[in-house]
Amino acid sequence: MGKDTFENNMTRLEEIVKKLESGELSLEDSLKAFEEGIKLSRLCTKKLNESERKVEILLKQEEGLASTSFSEEV
Amino acid sequence: MMKCILTVTALTGQLKNLLEETFDPILVEGEISNLRRPASGHTYFTLKDNQAQIRAVWFKPFPGTQLTPSSRRMACDLEEGMLVVCRGRISVYAPRGEYQIVIDTVEPKGTGALQKAFEQLKARLHAEGLFDERHKREIPFLPSCIGVITSPTGAVIRDILQITKRRFPSVSLLLAPARVQGPEAAPEIVRAIQDMVAFGRADVLILARGGGSLEDLAPFNDETVARAIHACPVPIISAVGHETDYTIADFTADLRAPTPSAAAELVVPSRDDLAGTLFDLRHRMIRSRAHMAESLNREATLLREKLKSPRWMIDDYRLSLDDYDDRMKARLWQQLAHSAAHLHHLKIRLAQGSPRTGHQRIGFLLESSTGNMIAAMRRRIVDARQTLKRNISLLDSLNPLAVLNRGFSITLRRQTKEIIREAAQVRGGEELMIYLGKGQLTASVKSREEDNARYFFAKPGRMNKRTEERDRFDSEIDLPER
């Protein structure tokens with residue numbers, strides 16, 4: 001798991017919001033934080049809005065492992 | 001045949017053939033006693049019941065032999081007093097004339113046998129550290145692909161598909177089919193885990209099956225499965241049974257879910273919840289920035305109001321400059337004056353030290369004494385003048401002539417110039433001199449009355465008139481004071 005996971009982004013976003021709300025940041029820092037927060041919230045929203053769902057089944061073939069679509073209407 | 005004499009060897013050989021052919025394979029149950037494990041690695045014990053006993057040996061497997069799960073499990077797990085069912089054959093050991101069972105497999109006997117085996121495996125793997133928390137990998141918060149190891153048919157995979165789709169539609173699933181029941185289940189599960197790892201797409205694995213009896217769940221209590229789970233680098237969730245059943249797989253997995261449905265819920269966050277949280281965070285962030293901008297704006301306005309115009313500042317500087325100038329000059333003058341005083345002082349001291357000084361001092365003293373004397377005399381003269389003035393006015397008031405002017409008169413005996421104060425002093429016909437305010441009279445006494453009461457009291461009319469006059473006079477005097 002890299003740094004850029006959804007969970008990390010959400011956690012970071014929450015930290016930023018708390019800092020902004022506490023008012024302890026300087027104007028410059030708060031603008032930076034806001035910018036980062038907007039970026040993170042876009043990333044997270046994008047992840048939430050991804051609609052592609054694949055359901056596959058793993059098959060063993062002569063040349064090795066492969067996956068093929070698996071019907072959800074089992 | 002009866003008369004035929006056999007050697008021991010021959011007899012034993014015949015017995016060996018007979019026994020070994022007749023009793024292969026056999027299943028025999030009994031209690032383990034005299035359990036020994038010599039360095040050879042083989043296991044020796046005596047199998048007995050109330051009335052009989054038989055020796056038993058469980059040879060160490062040959063190197064490279066494919067172990068069945070049960071054989072490997074039981075080899076170390078035998079205990080003194082354990083009731084077991086042994087599968088094997090009878091073997092005769094000729095040199096000692098002994099027979100024994102050579103065991104293939106051993107199963108615990110009776111109720112709780114599987115349970116006991118389960119407990120033993122659990123204890124062993126636990127001691128080995130397979131269940132240690134430190135081996136537990138973190139389950140990713142939002143996996144993009146979930147690997148599911150279970151039967152491709154049945155309720156379990158359907159539940160998982162349904163729940164994941166409902167909670168987070170964009171999560172992908174990859175199914176590695178494996179039987180989850182029966183003797184082939186354990187090796188298939190192990191292979192499925194290894195395939196998932198090799199294929200490398202899944203972020204997290206779910207090993208799932210519905211509930212069942214302890215026998216049904218045997219594959220999930222299999223040591224090879226436990227070791228495959230332990231070795232799996234991808235986080236793995238066990239989802240076996242219904243709520244209360246714990247399997248060895250549950251203990252070994254990184255996370256245990258009570259049911260497959262629960263596993264699906266654990267591994268996939270609710271998209272709606274996340275979207276809600278995200279919306280909330282965004283909203284708070286934007287609001288707090290707006291709030292900050294507003295408060296900064298307010299502050300800036302305040303500061304702007306406080307800021308003086310440059311013109312003001314110039315005036316201030318001018319004033320300061322003037323002030324400094326004044327203070328500087330004053331200081332300078334002060335210093336000059338001080339220096340002058342000092343110089344003067346020095347001059348005086350110098351002068352005092354010179355020979356001319358004595359003379360000058362006498363002269364000075366003389367001069368000042370004369371001055372003092374003159375001043376004193378002047379004061380005396382002024383004082384004397386004032387005293388004189390006071391006395392003159394006093395004299396003036398005492399001057400009898402002044403009284404006469406007010407209408408009184410002085411009466412003297414003409415001859416003696418004696419002042420007459422009482423009527424009794426004179427005789428009738430005697431000559432008197434009467435001095436008035438202006439001029440004088442010579443008179444002779446016609447009569448005399450020694451008492452003047454009549455004058456004041458016999459004529460109340462005149463008296464009253466006088467009183468009125470006096471009152472009027474008094475009131476005239478009083479008037480200015482009112």
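Two strands are said to pair if DSSP finds at least two bridges between them. In this predicted model, such pairing joins the two chains: strand S1 of chain A and strand S7 (residues 172-177) of chain B pair in the parallel sense over three bridges. Within this arrangement, A:Val55 stands opposite B:Leu173 of S7(B). The contact between the chains draws on 34 residues from chain A and 34 residues from chain B. On the side of chain A that touches chain B, two or more residues each come from helix H1 (6-22), helix H2 (27-49), strand S1 (55-61) and strand S2 (64-69) of chain A. By class, that side of chain A consists of 16 nonpolar, eight polar and ten charged residues.

Chain B was then examined as a whole. Its secondary structure comprises 14 helices and 13 strands. Of the 482 residues in chain B, 19% are buried. Among the contacts in chain B with a separation of 6 or more, 62% involve residues 24 or more positions apart.

One sheet of chain B is a barrel. Five strands of chain B close into this barrel in the order S1-S2-S3-S5-S4, and the pairing is mixed. On average, neighbouring strands of the sheet are turned by 55° against each other, direction ignored. Helix H1 (residues 8-22) of chain B packs on the sheet, where it touches strand S4 (83-93) and strand S5 (98-108) of chain B. The direction of H1(B) makes about 145° with that of S4(B).

Strand S1 (residues 26-36) of chain B runs antiparallel to S4(B), and six bridges join them; B:Leu27 has B:Arg87 in S4(B) as its bridge partner. S1(B) is also joined to S2(B), again in the antiparallel sense, by four bridges. Here the bridge partner of B:Ile32 is B:Leu47 in S2(B). The hairpin formed by S1(B) and S2(B) has six residues between the strands, and in this hairpin B:Gly41 takes a positive phi near 95°. Strand S2 (residues 43-48) of chain B in turn pairs with strand S3 (residues 53-58) of chain B, in the antiparallel sense and over six bridges. In that pair, B:Thr43 stands opposite B:Trp58 of S3(B).

Helix H5 (residues 185-199) of chain B contains 15 residues. From its first C-alpha to its last, H5(B) reaches 21 Å, close to the 21 Å expected at 1.5 Å a residue. Its buried residues are B:Ala185, B:Ala186, B:Ile189, B:Val190, B:Ala192, B:Ile193 and B:Met196. These residues lie on the same side of H5(B), because they cover an arc of only 160° around the axis. Just after H5(B), B:Gly200 adopts a positive phi of about 75°.

A residue is classed as buried if 20 or more other C-beta atoms lie within 10 Å of its own. B:Ala208 has 26 C-beta neighbours inside 10 Å and therefore counts as buried. Leaving aside residues up to four places away in sequence, B:Ala208 touches B:Val148, B:Thr150, B:Val156, B:Ile160, B:Ala239, B:Val240, B:Pro260 and B:Ala263. One of these contacts, B:Val240, is 32 residues from B:Ala208 along the chain, yet their C-alpha atoms are separated by 5.3 Å.

Note on methods:
Residues are numbered from 1 along each chain as its sequence is written. Chains are lettered from A and ligands numbered from 1 in the order in which they are written. This is a predicted model: local features need pLDDT of at least 70, side-chain atom pairs count only at pLDDT 80 or more; totals for chains, interfaces and linings use all residues. Two residues are in contact if their C-beta atoms, placed from the backbone, lie within 7 Å. Ala, Val, Leu, Ile, Met, Phe, Trp, Tyr, Cys and Pro count as nonpolar, Asp, Glu, Lys and Arg as charged, and the others, Gly among them, as polar. The expected span of a helix is 1.5 Å times one less than its number of residues. A residue is buried if 20 or more other C-beta atoms lie within 10 Å of its own, exposed if 12 or fewer, and partly exposed in between; C-beta atoms are placed from the backbone. The arc is that of the directions from the helix axis to the C-beta atoms. Axes are lines fitted to C-alpha atoms, for helices over the stretch in contact, and angles run from 0 to 180 degrees between N-to-C directions.
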